[in-house]
Each structure stands twice: as C-alpha cells, then as structure tokens.
Amino acid sequence: LAKFQAIQHLVADIACETALANAAVEAAVSEMAAGHGDLDRIELAVAIARSVVGHAASVTVRNAHQVHGTLEHRLHEYTKPILAWRSEFGSVREWDARLTAMLARPGVDLWSFGVPVPDRR
C-alpha cells in the first residue's frame with residue numbers, strides 16, 4: 001500500500017501538517033513562557049496555533065481516512081475526538097476571523113512576528 005505514489009503524497013501531507021501544527025504550538029508556548037507580559041503577542045500566538053492546528057486536524061483526518069479507505073477500520077475512534085476538539089473554545093472559522101482581525105490592526109508588522117526588530121535610530 002505504501003508503494004503507491006498517491007498514498008505517499010497523502011502521508012507526506014499528514015507529516016507536513018503535523019510539523020506545522022507542532023511548530024505553531026511550540027511558538028505559542030514559548031511566547032507564554034517568555035514572561036514578558038505582552039498579552040497582545042501571546043493572544044496572537046495562541047490564535048495562530050489554534051488556526052493552524054484546526055486546519056491541520058482537518059487535513060490529517062481526511063488524508064488518514066483516504067489512506068485507509070474503509071469504514072470498518074477503527075480509525076474513526078481516534079479521529080472523531082480530533083474533529084470534536086476543533087470546535088471547543090471556538091470553531092476554526094472563528095479563530096481564523098479573530099486572527100485576521102488581529103493581523104489587520106494598524107501597526108502590526110507581520111514580517112517581524114517572533115523576531116526582534118532592530119532599533120533603527
């Protein structure tokens with residue numbers, strides 16, 4: 001089964017989405033652990049993580065079911081809770097809207113998020 005190129009692509013997508021979600025969560029945790037007290041940066045990092053993880057869950061569940069291709073497989077026992085989790089504390093759509101609103105605020109420098117901006121005096 002793993003020798004089919006289409007299956008390899010689905011599994012590679014799962015791996016990519018998992019790595020991206022992991023990086024977003026680690027960034028949010030690092031922001032909170034930094035102890036700088038900048039609640040706007042923490043809120044933005046959490047919103048990014050919620051959005052990324054929610055989208056990654058959708059892709060991962062869909063691809064996993066396509067790989068297994070059967071309803072008789074026990075995979076649904078693991079994927080149903082993942083899909084249910086996405087709507088706890090707001091849906092993916094709500095987090096996307098919240099994230100968009102945060103990033104569209106005046107003065108938000110998207111390119112320097114998470115990177116110290118040098119003082120240009």
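**Close-up views of salt bridges and a helix pair**

**View 1. Glu77 and Arg74 form a salt bridge, with their closest N and O atoms 3.0 Å apart.** A salt bridge here is a side-chain nitrogen of Lys or Arg within 4 Å of a carboxyl oxygen of Asp or Glu. By this rule the count comes to 3 salt bridges. The model is predicted: local features need pLDDT of at least 70, side-chain atom pairs count only at pLDDT 80 or more, and totals for chains, interfaces and linings use all residues. Residues are numbered from 1 along each chain as its sequence is written, and side-chain values use heavy atoms, leaving out hydrogens and water. Glu77 counts as partly exposed at 40% relative accessibility (buried is under 20% relative accessible area, exposed over 50%, partly exposed in between, with a 1.4 Å probe and protein chains only).

**View 2. The side chains of Glu31 and Arg41 meet in a salt bridge (3.2 Å, N to O).** Glu31 lies in helix H1 (residues 5–33) and Arg41 in helix H2, so the pair ties together parts that are 10 residues apart in sequence. Helices are DSSP runs of H or I with at least four residues, numbered from the N terminus. At 12% relative accessibility, Glu31 counts as buried, whereas Arg41, at 26%, counts as partly exposed.

**View 3. A salt bridge joins the side chains of Arg98 and Glu43 (3.0 Å, N to O).** The pair links distant parts of the chain, 55 residues apart: Arg98 is in helix H4 (residues 92–103) and Glu43 in helix H2. Arg98 has 38% relative accessibility and counts as partly exposed.

Note on methods. Helices (H or I, at least four residues) and strands (E, at least two) are DSSP runs, numbered from the N terminus.
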